[in-house]
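Hi,

Here is the structure I promised to send over. Have a look at it first, and then read on for what turned up in it.

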Amino acid sequence: MEVYDKRLIGARLKQLRLYHDWTQRYIHAKTGISPQKMSKMESGNGGITIPILIKLSQLYNIKASYILFGNGKIMNDEFNQIYQHLTDNQKMDLDCALIAYGKACKRR
């Protein structure tokens, strides 16, 4: 059985948003999800509801299981195999590093 972890869900939501270079206001304009709610979810302080999960998975064009559990084809197969063997803390560290790298690349 997979565990629902608000911190990891939040990290994935933030990673997805920053990858697309979107603001929380942009997400609000596209989905109706308030910036305050997005902030709470991204920080791991707020849970995600089914309607919000559906809206975000449609917006990002990904499976809901990726948002909830990190499952799915959002990454290539080789990287996905390695990623699945990391601890939750290692996954969060890697996600943060990828976000920082993405920001640095966009500034160039």
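Predicted model: local features only at pLDDT ≥ 70, side-chain atom pairs only at ≥ 80, totals over all residues.

Two rings of Phe, Tyr or Trp (taking the six-membered ring of Trp) count as a pair if their centres lie within 6.5 Å.

**Aromatic rings**

The structure holds two aromatic pairs. In one of them, the ring centres of Trp 22 and Tyr 26 are 4.9 Å apart and the planes meet at 40 degrees, so this pair is tilted. The other joins Trp 22 to Tyr 60: here the centres are 5.4 Å apart and the planes are at 15 degrees, which makes the pair stacked, because planes under 30 degrees apart fall in that class. This second pair bridges distant parts of the chain, since Trp 22 sits in the loop between helix H1 (6-19) and helix H2 (24-31), while Tyr 60 belongs to helix H4 (residues 50-60), 38 residues apart. Taken together, the ring pairs link Trp 22, Tyr 26 and Tyr 60 into a cluster.

Tyr 26, at 31% relative accessibility, counts as partly exposed.

**The nonpolar core**

Tyr 60 comes up again here. The largest nonpolar core has 17 residues, and those touching the most other members are Leu 13, Met 41, Ile 48, Leu 56, Tyr 60 and Ile 67. At least two residues of this core come from each of H1, helix H3 (35-42), H4 and helix H5 (64-69). Which helix gives the most? That is H4, with four residues.

Setting aside neighbours within four places in sequence, Leu 56 is in contact with Leu 13, Ile 27, Ile 33, Met 38, Met 41, Ile 48 and Ile 67.

**A buried arginine**

Next, please look at Arg 12, which is placed in helix H1. Its relative accessibility is 3%, so Arg 12 counts as buried, the cut-off being under 20%. What does the side chain of Arg 12 reach? It reaches the backbone oxygen of Leu 68, at 2.8 Å. Again leaving out neighbours within four places in sequence, Arg 12 is in contact with Tyr 66, Ile 67, Leu 68, Phe 69 and Gly 70.

**Salt bridges**

Side chains of opposite charge can pair when their charged atoms come close. How many salt bridges does a search of the whole structure find? There are two.

- Arg 17 forms a salt bridge with Glu 42, and their closest N and O atoms are 2.6 Å apart. The pair links distant parts of the chain, with Arg 17 in helix H1 and Glu 42 in helix H3, 25 residues apart. Arg 17 is buried at 9% relative accessibility, and Glu 42 is buried at 11%.
- Arg 7 forms a salt bridge with Asp 5, with 3.6 Å between the closest N and O atoms. Arg 7 is partly exposed, with a relative accessible area of 39%, whereas Asp 5 is buried, at 18%.

If you open the model, Trp 22 is a handy place to begin, as part of the ring cluster with Tyr 26 and Tyr 60.

Best wishes

Key:
Residues numbered from 1 in each chain as written. Heavy atoms only, no water. Phe/Tyr/Trp six-rings, centres within 6.5 Å; stacked < 30°, edge-to-face > 60°. Buried < 20%, exposed > 50% of the residue type's maximum accessible area, 1.4 Å probe, protein only. Core = buried A, V, L, I, M, F, W, Y, C linked by side-chain atoms within 4.5 Å. Contact = heavy atoms within 4.5 Å. Polar contact = N/O pair within 3.5 Å; in protein donor to acceptor, adjacent residues only side chain to side chain. Salt bridge = Lys/Arg side-chain N within 4 Å of Asp/Glu carboxyl O.
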